[in-house]
Amino acid sequence: GGRSNLLRAWGVPLNHIKRAMQELERKIFHLCGLLVPLTHLLLVRNGWSHLQCAMLCWAITLAGWIADLARLNVPIVARNWPLKSIM
């Protein structure tokens, strides 16, 4: 992409760019796993009740499960899944 070309123009070796992008994808994947607990923490600290937080967190979890099932069972979703290279 454009960033890779810019980095190559600055003399960064292609294998370094590829490795850095893979590491970035891996870190983003791990951050996604923190979505529910961080959401709960931030909302409780800002006045939401535990029940309200739990309901929202379950909705987020359910949406994630449905999306993952679609990734596994619907070809167009699987082909266009973000971060599919690390799955």
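## Residues, helices and cysteines

Asn5 is found in helix H1 (residues 2-9). Helices here are DSSP runs (H or I, at least four residues), strands are such runs of E with at least two residues, and both are numbered from the N terminus. The model is predicted, so local features need pLDDT of at least 70 and side-chain atom pairs count only at pLDDT 80 or more, while totals for chains, interfaces and linings use all residues. Residues are numbered from 1 along each chain as its sequence is written, and side-chain values use heavy atoms, with hydrogens and water left out.

Ile17 lies in helix H2 (residues 14-32). Asn5 and Ile17 are 12 residues apart in sequence, and their C-alpha atoms are separated by 9.8 Å. Buried means under 20% relative accessible area, exposed over 50%, and partly exposed in between (1.4 Å probe, protein chains only).

| Residue | Relative accessible area | Class |
|---|---|---|
| Asn5 | 54% | exposed |
| Ile17 | 4% | buried |
| Cys57 | 7% | buried |

Across the chain of 87 residues, buried residues make up 7%.

The chain has five helices and zero strands, and its pattern along the sequence is α-α-α-α-α. Contact means heavy atoms within 4.5 Å. Of the contacts between residues at least 6 apart in sequence, 29% join residues at least 24 apart.

How are two packed helices described? By the angle between their axes and the distance between the axes. Helix H3 (residues 35-45) and helix H4 (residues 50-73) pack at about 155 degrees, with axes 10 Å apart. Axes are lines fitted to C-alpha atoms, for helices over the stretch in contact, and angles run from 0 to 180 degrees between N-to-C directions. H3 and H4 are therefore roughly antiparallel to each other, a term for angles over 145 degrees.

From H3, Leu35, Val36, Thr39, His40, Leu43 and Val44 meet His50, Cys53, Ala54, Leu56, Cys57, Ile60 and Thr61 of H4. The residues of this contact divide into nine nonpolar, four polar and no charged. Ala, Val, Leu, Ile, Met, Phe, Trp, Tyr, Cys and Pro count as nonpolar, Asp, Glu, Lys and Arg as charged, and the others, Gly among them, as polar.

The structure holds zero disulfides, a disulfide being a pair of cysteine sulfur atoms within 2.5 Å. The sulfur of Cys57 is 6.1 Å from the closest cysteine sulfur, in Cys53, which is too far for a bond.

Note on methods: Angles under 35 degrees count as roughly parallel, over 145 as roughly antiparallel, 65 to 115 as roughly perpendicular and the rest as oblique.
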